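Me: Could you take a close look at the backbone and the local surroundings of selected positions in this chain? I would like one connected account, with the cut-offs behind the terms that you use.

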Amino acid sequence: MPIPKAELHLHIEGTLEPELAFRLAARNGVTLPFDSVEDLRAAYSFGDLQSFLDLYYALTDVLRTEQDFTDLAEAYLARAQADGVRHAEIFFDPQAHTSRGIAFDTVARGLLAALDRSQDKYGVSTSLILSFLRDQSAESALETLAAAEPFLDRIIAVGLDSAEVGHPPSKFAAVYERARALGLRAVAHAGEEGPPDYIREALDVLGVERIDHGVRCLEDQELVDRLVRERIPLTVCPFSNVRLRVVDTLDKHPLRRMLDAGLVVTVNSDDPAYFGGYVHENLTATATAIGLTDDQIHTLARNSFEAAFLDDETRATYLAELDAHR
């Protein structure tokens, strides 16, 4: 049985498996530029972040109705249950949909139809993180945040994703200020493609509580010391890092160095349909590749619950389950 864990870095659009993409395309009358599931899966080979994003956004075209978003979330939650996920904080990218004419309400209601029954159906508690596309304007992000206000009882935080280079966190200072005023928590992708200074900006300008990715912090010892001292969690995604050429091979992934440095690291799957594995596979394959001990694997799982936006009682329940698993 997989070790109990929380998943804190998961883009729901990135769970769109080729089989589901073709089913939704047929249902909605969308023609995909691929002859078969196999051809589409073969296209999941990327040289960098941008080549991934190009395909990622193209495939969102099959997501049109509330039911499409419900089906997408249901498929992920079933897989999360099988992977030992007890709590998932799920990113969604509304701008990727509103920019092509899909209403924010359609996206939110569709996802929440699945998430609202997740605890009872799958034993997985969930929260949504509204993620802004950093290669779009801050004005667009503010408009998206305004559209989200009717759903803030189910949105726990705001995040920042998409192409990192050339789009520093400070670009979104006013957006995050507004989000905090609305009572939302804050996270941001930083230090994946972008430099360590982007991590600093995310902390100092945006006031984030977690850093998504963050692997490039190791280039800056002063920053590492700060992250350790302040117990800032990093949501690391090993398969993603390899597939997007952040690191060359899994056996060279810096996860063990990050643990040895005292960083609060967690393992997640990012966009698992595109990167070749869900969270359990990320954890077990990486542990084998870099030689993690059972205690280190337990630490990663514990970190995931401690870094989650949970109330104390729920966190304690999950940590007790984790300790009982040993």
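**Burial and backbone**

Reply: Serine 162 has a relative accessible area of 8% and is therefore buried, where buried means under 20% relative accessible area, exposed over 50% and partly exposed in between, for a 1.4 Å probe and protein chains only. The model is a predicted one, in which local features need pLDDT of at least 70 and side-chain atom pairs count only at pLDDT 80 or more, while totals for chains, interfaces and linings use all residues. Residues are numbered from 1 along each chain as its sequence is written, and side-chain values use heavy atoms, with hydrogens and water left out.

Serine 162 sits in the loop that runs between β4 (155–161) and α9 (173–181), helices (H or I, at least four residues) and strands (E, at least two) being DSSP runs numbered from the N terminus. Although serine 162 is not a glycine, its phi is positive, at about 80 degrees. Most residues other than glycine have a negative phi.

Arginine 245 also has a positive phi without being a glycine, with a value near 65 degrees. Its place is the loop between α12 (238–243) and α13 (255–260), and because its relative accessible area is 49%, arginine 245 counts as partly exposed.

Helix α12 itself contains serine 240, which is buried because its relative accessibility is 0%. Apart from neighbours within four places in sequence, serine 240 is in contact (heavy atoms within 4.5 Å) with Glu192, His213, Asp270 and Phe275.

Valine 264 belongs to strand β8, which covers residues 264–267, and with a relative accessibility of 5% valine 264 is likewise buried. When its neighbours within four places in sequence are set aside, the contacts of valine 264 are Arg231, Ile232, Pro233, Leu234 and Asn303. Leucine 244, by contrast, is 20 residues from valine 264 in sequence, and the C-alpha atoms of the two are 23 Å apart in space.

Elsewhere in the chain, helix α1 (residues 18–28) packs with helix α4 (residues 66–82) at an angle of about 165 degrees, and their axes lie 11 Å apart. The two helices are therefore roughly antiparallel, a term for angles over 145 degrees.

Key:
Axes are lines fitted to C-alpha atoms, for helices over the stretch in contact, and angles run from 0 to 180 degrees between N-to-C directions. Angles under 35 degrees count as roughly parallel, over 145 as roughly antiparallel, 65 to 115 as roughly perpendicular and the rest as oblique.
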